[in-house]
Amino acid sequence: MNEETGALAIEAQGASRYYTMGEVTVRAVDDVSFTIERGAFAALLGPSGSGKSTLLNLLAGLDRLTAGSIKVAGRDLSTMDSEALARYRRLTVGMIFQSFNLVPTMTLSDNIELPLRFAETPRSERRDRVMELLTNVGLAHRASHKPTELSGGEQQRAAIARALANRPSVLLADEPTGNLDSRNGQEVMTLLRELNEKMGVTVLMVTHDPALASRYARQSLHMADGKLVSTVEALR
Amino acid sequence: MIRQDLLELAARNMRNARLRNALTTMGIAVGVASLVAMLSLGIGLQGFANHQLMKSGMFQTVFVSSKQEMRNMDQDAKPEESPALNDEARKQIAALPGVEEVVPEVRAMSEVDYGSKTNFTLVAALPPSAHDEEAVDKVKGRFFSSANANEVLVQRDFAKKLETDPDSVLGKTLTIRYAERQSGDSPGSFSIERKEKQFLIVGILDTEPFGGMRISSRARVFLPTQTAEAMNLMQPSDTQQLVRSSPGARTYSMLTVRMKSAAYAEKVEESVKKMNYSAYSYLDATKSIRRFFAVLDMFLGIFGSLALAVASLAIVNTLVMAVLERRREIGIMKALGASDGDVKKLFFAEAATMGLVGGALGVSLGWIIGRAINFGTNIYLQRMKMPAENLWSVPPLLVVGAIVFAVLVSVLAGIYPAARAAKLDPVQALRYE
């Protein structure tokens, strides 16, 4: 885990992302400010089109702010150039998606090795690291399988293993159970909670399911029309 | 990303679209093959022509004559300004830097007796250096044993006149009857006497010396130069000199100046011209030939490159397709932390791999095509009763150059697709289903 100073994992200040479509300016994320503590399990809720996915992409360093700032693990994303953002995506955050986004032509172990290649991890350490990650998500026996040979739940667990390959401090999840049946969804959620509790990874999960949020997250951020409408801290 | 990972990923991507990449690579191979075939032919033909010219000793030879000579090649010559080309001049020219040998052009029509047969033919001197220069090739028997030996070489068709089996003239003797100039008492007179001399036939020439490019090449019987000079053969220039208003010592109609290398030719030619003689070298004449080959090579190269240019468009097409097809994968890689540069390098690696494999295949293919053409040409030449020639040359530099060129062209073709892949917005790419 990256040992940065401060207790905050994420700190957004007036974060905004506008799109211009012809004459019209769409305020996908509009002046959003919030903080998430280190080691938290947070949920980002809202109806579709509320801007929660755009906000997640901003946090993931895949999209760029129009205004405001976002600090993750103490580092300001708004000042990073594209090379620094790539580094940030590689080492500081991990991301999982509703549709898993595993490379279909690669085996699981190759998929998980991919971020290690980008991080230039020595080749001698990679095999062990890949096996360790697969073991953590209970898929060691599936290492040489292609994603299509696995169930949705297994695919998402493999994606989680891949997202954690370079030991990020923050894990961003975009509707991680959206494509899963309830049993597989629960399995994935349990795994996320386990990783959060045992390894101290900060988790921020986008979902439109308030029940899921209240069950797993200690902090819920609600968005509507690009704005943050409420922040709820669950008592534990 | 380290290079090994880059290459592994590139190889994996190429395996996934095996047929398409193989076809594109074959396209490059055909392009390179046509380039190699064209250039090898150009280089081969040039080498062939150069070899023929080298045989004639052309590039390291300057022909000097006095402007008083009527056969002079310089049209605007003012004969009265030019000094006589005599022994004094010969020594001066021999002393110029780079000059190895100055020999007079000695030739005379003579009667040649062999057994009971008598032939009237042209006899000429052949400098011993002609052998080292490969000006004479295919000697049956041997060359002169020394510069002043009483030996002759005969042309094969002349030998045929002497014996039904031309090879049997070797080791036999022939007699040359000739006109000897004897110096007179005054510069304005000399006497001529009929002489005979016996020679041993040591060799038969299958081809004309100096590639048939000199006046003396037409002779049927050749003597060593020193022997010929010692014989004081009456030369046509002797009578010309005699009838001049101010007759002088014996002059040469032409001196052949041979340099250590072609590099000296220009300087020697200049110095001789300063001495007010006419000088002529084939370097002047071959300038246009060499220019012709440079232009020919260029055109062959351009035509050969056309196929490669088409192949490079195929690379652009293949990689643009790959970018479209792998949109999502590129998005995933970016989300996992691949930088724009990593993505770009990956596509360049794929382009370069196609270029390298295509280049290597193409060189082999071009080589095979070339061998086939050469083989065919030689069958044709043999049917025409001509000696086989190597019209085909693939120097190592061409092999390396062609492969490097193929890689370079491929990487250039990869610029646009690679830039497009690198610029891909990961948010868009990942949203796309």
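Helices (H or I, at least four residues) and strands (E, at least two) are runs assigned by DSSP and numbered from the N terminus. The model described here is predicted, and for that reason local features need pLDDT of at least 70 and side-chain atom pairs count only at pLDDT 80 or more, whereas totals for chains, interfaces and linings use all residues. Residues are numbered from 1 along each chain as its sequence is written, while chains are lettered from A and ligands numbered from 1 in the order in which they are written.

Chain A comes first. Its secondary structure comes to 7 helices and 10 strands, and its C-alpha atoms fill a box of roughly 50 × 40 × 40 Å, taken along the principal axes. With 236 residues, a compact globule would have a radius of gyration near 18 Å, and the 17 Å of chain A agrees with this; the radius is taken over C-alpha atoms, and the globule rule is 2.2 Å times the number of residues to the power 0.38. Of these 236 residues, 45% count as buried, where a residue is buried if 20 or more other C-beta atoms lie within 10 Å of its own, exposed if 12 or fewer, and partly exposed in between, with C-beta atoms placed from the backbone.

Within chain A there is an open sheet of 6 strands in the order β6-β7-β8-β3-β9-β10, with mixed pairing; two strands pair if DSSP finds at least two bridges between them. Strands β6 and β10 (227–233) of chain A stand at the edges, each with a single partner strand, so one side of each is left without a neighbour in the sheet. Strand β6(A) is joined to β7 (residues 170–174) of chain A by 4 bridges, and the two run parallel, with A:Ile96 standing opposite A:Ala173. Further along, 5 bridges join β7(A) to β8 (residues 202–207) of chain A, again in parallel, and here A:Asp174 has A:Val206 as its bridge partner.

In a regular strand the side chains alternate between the two faces of the sheet.

The next topic is how the two chains meet. Here 17 residues of chain B are in contact with 21 residues of chain A, two residues being in contact if their C-beta atoms, placed from the backbone, lie within 7 Å. Helix α10(B) gives the most to the side of chain B that touches chain A, with 4 residues. The residues of that side divide into 10 nonpolar, 3 polar and 4 charged, where Ala, Val, Leu, Ile, Met, Phe, Trp, Tyr, Cys and Pro count as nonpolar, Asp, Glu, Lys and Arg as charged, and the others, Gly among them, as polar.

Helix α10 (327–335) of chain B is mostly covered, with 7 of its 9 residues buried, including B:Ile330, B:Ile332 and B:Met333. Its buried residues pack against α2 (82–91), β6 and α3 (108–118) of chain A together with α11, α12 (396–423) and α13 of chain B. Just after α10(B), B:Gly337 takes a positive phi of about 110°.
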